[in-house]
Amino acid sequence: GGSGNVVEATHEHVSALHANLLICAGALVLALFPTLTILALASRAFAFYYMLQCLIAFFLSKTPFQKIFFLLIALVLAFITLFAVPVE
């Protein structure tokens, strides 16, 4: 599935074979890191994604209450994105 996304995102400049090799290499590099570090990175990535979603909701919202609500959530998610560390 991931290789199909890479092929589509690059407008077929990257073949499925090369995409599979790239994904496999990334997985091997991730295997060298401690599990909690990988989980912290994944959590930060999710927080960043949802922060972007909140910013979109902020710009599309109509009432001041909604704008404040989405902005506050976006700020919390930005804090998580910047300062999350793995628990050891």
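**Close-up 1. Lys67 over the face of Phe58 in a predicted model.** Lys67 lies over the face of Phe58, at 4.9 Å from the ring centre, where a charge counts as over a ring if NZ of Lys or CZ of Arg is within 6 Å of the ring centre and within 35 degrees of the ring normal. Because the model is predicted, local features need pLDDT of at least 70 and side-chain atom pairs count only at pLDDT 80 or more, while totals for chains, interfaces and linings use all residues. Residues are numbered from 1 along each chain as its sequence is written, and side-chain values use heavy atoms, with hydrogens and water left out.

**Close-up 2. The aromatic pair of Tyr49 and Tyr50.** The whole structure holds 5 aromatic pairs, counted for rings of Phe, Tyr and Trp (its six-membered ring) whose centres lie within 6.5 Å, with planes under 30 degrees apart called stacked, over 60 edge-to-face and the rest tilted. Tyr49 and Tyr50 form an edge-to-face pair, 5.2 Å centre to centre with 70° between the planes. Tyr49 is partly exposed at a relative accessible area of 43%, and Tyr50 is likewise partly exposed at 46% (buried is under 20%, exposed over 50%, partly exposed in between; 1.4 Å probe, protein chains only).

**Close-up 3. The tilted pair of Phe79 and Phe83.** The two rings, of Phe79 and Phe83, are 4.9 Å apart centre to centre, with 50° between the planes. Both residues belong to helix H4 (residues 64-83), where being 4 residues apart separates them by about one helical turn; helices are DSSP runs of H or I with at least four residues, numbered from the N terminus. Phe79 is exposed at 54%, and Phe83 is exposed at 53%.

Conventions
Helices (H or I, at least four residues) and strands (E, at least two) are DSSP runs, numbered from the N terminus.
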